[in-house]
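Hi,

Here is the structure I promised to pass on.

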Amino acid sequence: TNRTFTMVKPDAVEAGNAGAILKMIEEAGFRIVALKKTLLTQERAGQFYAVHAERPFYASLCAYMSSGPIYAAILEKENAVADFRTLIGATNPAQAAEGTIRKLFATSLEANAVHGSDSDENAAIEGGFFFSLTEQF
Ligand code: ATP
């Protein structure tokens, strides 16, 4: 068993889709280890996405990710990182497979409803960005 980290992004929370998305995640076999609703400042969004600091979309991404509340969660499942990326679909919802979370709920390449970690190492770093060890059960 291992873990991944996700965020339900501001567009999906604003649209009232957080519950439906968390339900899909649980029905796909992920156990919720930690969960919180929170609001990122632009500065904290910038820290979270520091790896993208040189990308042209960085400033817009940080503004968007701090534009409203998000849900942050640590998830547990065998093969969690890869299986979660399959469940959410391609970054660009126009290319996301039928039945994926992004196909169902994303509205654009930027406002793409959910985040999913891209490696076990990043899952641990990203989970630690939001949750202390005593919050992870
Ligand atoms: P995430 O890390 O959120 O799961 P990802 O790994 O599929 O997404 P990345 O390439 O790491 O995608 O980009 C991080 C986020 O930045 C995307 O989820 C999306 O919200 C935004 N993004 C990516 N590419 C673009 C772009 N070309 N224009 C605008 N926003 C973008």
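Before the details, one cut-off you'll need: a residue counts as buried if 20 or more other C-beta atoms lie within 10 Å of its own, and as exposed if 12 or fewer do. Also keep in mind that this is a predicted model.

Most residues other than glycine have a negative phi. A113 is not a glycine, yet its phi is positive, about 75 degrees. You'll find A113 in the loop between helix 6 and strand 4, and it is buried because 28 other C-beta atoms lie within 10 Å. N79 also has a positive phi without being a glycine, near 60 degrees in this case. N79 is in the loop between strand 3 and helix 5, but with 11 other C-beta atoms within 10 Å it counts as exposed. Then there is G29, which follows helix 2 and has a positive phi near 100 degrees.

Now for the ligand. Which residues are around it? They are F57, L61, T91, L109, E110, N112, H115, G116 and D118. Sorted by class, that shell has three nonpolar, four polar and two charged residues. H115 is the one to look at: an unreviewed UniProt entry lists it under "active site". H115 belongs to strand 4 (residues 114-116) and is buried, since 21 other C-beta atoms lie within 10 Å. Leaving aside residues up to four places away in sequence, H115 touches T6, M7 and K9.

On to the inside. The largest nonpolar core has 31 residues, and I21 and V114 have the most contacts inside it. Among the elements that each supply at least two residues of this core are strand 1 (2-8), helix 2 (18-27), strand 3 (70-77) and helix 7 (120-130).

A18, I21 and I25 are its buried residues. Viewed down the helix axis, they fall within an arc of 65 degrees, so they line one face of helix 2. What covers them includes strand 1, helix 1 (10-14), strand 3, helix 6 and strand 4. The face turned away from that buried side carries the exposed residues G19, K23, E26 and E27.

Cheers

How values were computed:
Residues are numbered from 1 along each chain as its sequence is written. This is a predicted model: local features need pLDDT of at least 70, side-chain atom pairs count only at pLDDT 80 or more; totals for chains, interfaces and linings use all residues. A residue is near a molecule or strand if its C-beta atom, placed from the backbone, lies within 6 Å of it. Ala, Val, Leu, Ile, Met, Phe, Trp, Tyr, Cys and Pro count as nonpolar, Asp, Glu, Lys and Arg as charged, and the others, Gly among them, as polar. UniProt positions are given in the numbering used here, feature names are shortened, and annotations may be inferred rather than shown by experiment. Helices (H or I, at least four residues) and strands (E, at least two) are DSSP runs, numbered from the N terminus. Two residues are in contact if their C-beta atoms, placed from the backbone, lie within 7 Å. A nonpolar core is a set of buried Ala, Val, Leu, Ile, Met, Phe, Trp, Tyr and Cys residues joined through C-beta atoms within 7 Å. The arc is that of the directions from the helix axis to the C-beta atoms.
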